[in-house]
Amino acid sequence: MIYNVRNMELVWRGLTLTGFGSQKVEITQPQDMASGNLVYGIFGECFSIPNNKRGWQIVASFHPLSLSYPILEQDNLYNFADTLIVRDLNTGVTDIFTDCIIFSTDKKKDSDERIVTWLAAKRNGR
């Protein structure tokens, strides 16, 4: 899913983030992990169970002079795990990512934006 930053609100640890670099926030699940695991029984029966290790990845970019980016960079250094809330202001849909950490903050030399990547274990309690 790709959200337009004009139509959404991103809240990390109670702070509404501002100063986005690009006009999108991307939410994906890693393609290398299946959403279910196939289990085979003794008599050849099989069924699928949810893969609880499959997580979510949220990527947003910020301006170098953004007020939110230094806070995110500091949270990355301190390894804070908290909740990330994504609100779609057009539809009113809210996604709550729990057990979320900042995976990386990418600051390239002479770049116009700083990229922050969050990893979350659960989305909306699942």
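Predicted model: local features only at pLDDT ≥ 70, side-chain atom pairs only at ≥ 80, totals over all residues.
How many bridges pair strand 7 and strand 10, and in which sense do the two strands run? Strand 7 and strand 10 pair over seven bridges, and the sense of the pairing is antiparallel.

Let me now step back to the whole chain, which has one helix and 10 strands. Read along the sequence, the pattern is β-β-β-β-β-β-β-α-β-β-β, and of the 126 residues, 30% count as buried. Among the contacts with a separation of 6 or more, 61% are between residues 24 or more positions apart.

Eight strands form an open sheet, with antiparallel pairing, and their order is 1-4-7-10-9-8-2-3. Strand 1, residues 2-4, and strand 3, residues 15-16, stand at the edges, and because each has a single partner strand, one side of each is left without a neighbour in the sheet. Helix 1 packs on this sheet, where it touches strand 2, strand 3, strand 7, strand 9 and strand 10, and its direction makes about 85° with that of strand 9.

Strand 9 and strand 10 run antiparallel and are joined by eight bridges, and here Thr 98 stands opposite Lys 122 in strand 10. Strand 2, residues 8-12, is joined to strand 8, residues 81-88, by five bridges, again running antiparallel, and in this pair Met 8 has Asp 88 of strand 8 as its bridge partner.

What, then, of the nonpolar residues? In soluble globular proteins, nonpolar side chains tend to be buried together. In our model the largest nonpolar core has 23 residues, and those that touch the most other members are Leu 10, Ile 58, Phe 62 and Trp 118. At least two residues of this core come from each of strand 2, strand 4, strand 7, helix 1, strand 8, strand 9 and strand 10, while strand 7 gives the most, with four residues. Taking Leu 10 as an example, and leaving aside neighbours within four places in sequence, we find that Leu 10 is in contact with several residues, including Phe 20, Ala 60, Leu 84 and Trp 118.

I would like to finish with two residues that you can compare by eye. Is Ser 68 buried or exposed? Ser 68, which lies in helix 1, residues 68-77, counts as buried because its relative accessibility is 2%, and the cut-off for buried is under 20%. The side chain of Ser 68 reaches the backbone nitrogen of Thr 18 at 2.9 Å. Not counting residues up to four places away in sequence, Ser 68 touches Thr 16, Leu 17, Thr 18 and Phe 62.

Ile 101, in turn, is found in strand 9, residues 94-106, and is partly exposed, with a relative accessible area of 35%. Beyond its neighbours within four places in sequence, Ile 101 is in contact with Trp 12, Phe 80, Ala 81, Thr 117, Trp 118 and Leu 119.

Definitions and conventions:
Residues numbered from 1 in each chain as written. Heavy atoms only, no water. Buried < 20%, exposed > 50% of the residue type's maximum accessible area, 1.4 Å probe, protein only. Contact = heavy atoms within 4.5 Å. Polar contact = N/O pair within 3.5 Å; in protein donor to acceptor, adjacent residues only side chain to side chain. Pairing = 2+ DSSP bridges. Axes fitted to C-alpha atoms, helices over the stretch in contact; angles between N-to-C directions. Core = buried A, V, L, I, M, F, W, Y, C linked by side-chain atoms within 4.5 Å.
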